[in-house]
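Work through the exercises below with the sequence and the model open side by side. Try each task before reading its solution.

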Amino acid sequence: MKVTHNPNPAQVKQRFQRLHELLINPIADLLPKNPDDRVTFIPQSSLFLVPFAALQDKQGKYLIEKHTILTAPSIQVLDLTHKQRQKVSGNQALVMGNPIMPSVPPKIGEAPQQLQNLPGAETEAKQIAQLLNTKAITGKDATKAAFIQKLPQARFIHLATHGLLDDFKGLGVPGAVALAPDGKDNGLLTGNEILDLTINAELVVLSACDTAQGKLTGDGVIGLSRALISVGAPSVIVTLWSIPDSPSALLMEEFYRQLQKNPDKAQALRQAMLVTMKQHPHPSAWAAFTLIGEAE
């Protein structure tokens, strides 16, 4: 299921209620009563695109109001992320937002067009960098070279930019993060290129458009999140659809504030959603973020 930027609110809620009926009602008696206890979903295939936080029961309660939620592509990946969490060695924050955008063909065979500028993502990056005691890298400085140079020391990586879904070079790993072109490359950090990197970070956040979506397979979504986990990231937060700037920035700032008080990322994300929900009640504004991998 994909919720577009301007969804019909009534229709979306109806779908979320139906999904709750199908996916949650049959296991409701097995779920913990304490909202702080974690529930990890291992969705199969296209179910990876379900925003579990927004599923709504008959009383109108969202699942995130009752449970702390995270996801994993498989039991094996959970085992992998658990081991990777023990090896985290980065101690700095790497925050990038609104690079000078690369040009991408809208469809295969068409002329490349520059991706849309994201001023809201720049503001978000600057505010989060302040919370993490670092300086946001934006505009022409937010290149692939700058990212790769700072990567080994990074403990927290936050990228506020466009995420792209296609397998650009036909290499079998879909997805790319838009960074600034610098003359040596086109600015697209592809899923395949990520597989050549080593990540020592505790958390990678892709606060971007559609970054969680990749080629659907029976083992979950192959894409940027899987590539990041494959090279060392124990926890990845991605978005299932594009969120308007204001709620996105509010939710992400609140997430990092919560994380400074409590190292549990799943609880921090839950609290950030609950805070954002008060100002932006519709789930299209807060339910897109999903945590994959480790909570702590």
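This is a predicted model: local features need pLDDT of at least 70, side-chain atom pairs count only at pLDDT 80 or more; totals for chains, interfaces and linings use all residues.

Residues are numbered from 1 along each chain as its sequence is written, and side-chain values use heavy atoms, with hydrogens and water left out.

**Exercise 1. The chain as a whole**

Task: State how many helices and strands the chain has, and what percentage of its residues is buried.

Solution. Start with the secondary structure, where helices (H or I, at least four residues) and strands (E, at least two) are DSSP runs numbered from the N terminus. The chain has 9 helices and 15 strands. Next, apply the burial classes: buried is under 20% relative accessible area, exposed is over 50%, and partly exposed lies in between (1.4 Å probe, protein chains only). Of the 296 residues, 55% are buried. Finally, turn to contacts (heavy atoms within 4.5 Å). Among contacts with a separation of 6 or more, 76% join residues 24 or more positions apart.

**Exercise 2. The nonpolar cores**

Task: Find which residues touch the most other members of the largest nonpolar core.

Solution. A nonpolar core is a set of buried Ala, Val, Leu, Ile, Met, Phe, Trp, Tyr and Cys residues joined through side-chain atoms within 4.5 Å. The largest core has 50 residues, and Ile64, Phe255 and Trp286 touch the most other members. Helix H9 gives the most to this core, 7 residues. Now take Ile64 by itself. Leaving aside residues up to four places away in sequence, Ile64 touches Ala53, Ile69, Arg270, Met273, Leu274, Met277 and Trp286. Another core of 30 residues lies apart from the largest one, and Leu197, Leu228, Ala233 and Ile292 are among its members.

**Exercise 3. The largest cavity**

Task: Describe the lining of the largest cavity by element and by residue class.

Solution. On a 1 Å grid over the protein atoms alone, a cavity is a set of points where a 1.4 Å probe fits but cannot get out; a pocket is an open set with protein on both sides within 12 Å along at least five of seven lines; and lining residues have an atom within 4 Å of a point. Grid points are joined across faces, edges and corners, and a volume is the space filled by probe spheres set on the points.

There are 2 cavities of 30 Å³ or more, and the largest holds about 120 Å³. Its lining has 16 residues, with Phe52, Ala53, Ile69, Phe289 and Thr290 nearest the centre. Strand S2 (68-71), helix H9 (265-279) and strand S15 (289-293) each supply at least two lining residues. For the classes, Ala, Val, Leu, Ile, Met, Phe, Trp, Tyr, Cys and Pro count as nonpolar, Asp, Glu, Lys and Arg as charged, and the others, Gly among them, as polar. The count for this lining is 14 nonpolar, 2 polar and no charged residues.

**Exercise 4. The second largest pocket**

Task: Identify which element gives the largest share of the lining of the second largest pocket.

Solution. The pocket has a volume of about 160 Å³. Its lining includes Gln92, Thr134, Lys135, Gln149 and Lys150. Strand S3 (92-99) and helix H5 each give two or more residues, and the largest share, 4 residues, comes from S3. By class, the lining divides into 5 nonpolar, 4 polar and 2 charged residues.

**Exercise 5. Salt bridges**

Solution. A salt bridge is a side-chain nitrogen of Lys or Arg within 4 Å of a carboxyl oxygen of Asp or Glu. The structure holds 13 of them.

1. Glu193 pairs with Lys144, with the closest N and O atoms 3.0 Å apart. Glu193 is partly exposed at 23% relative accessibility, whereas Lys144 is buried at 7%.
2. Glu202 pairs with Arg155 at 2.7 Å. Glu202 is buried at 6%; Arg155 is partly exposed at 26%.
3. Glu254 and Arg257 meet at 3.5 Å, N to O. Glu254 is buried at 13%, and Arg257 is partly exposed at 36%.
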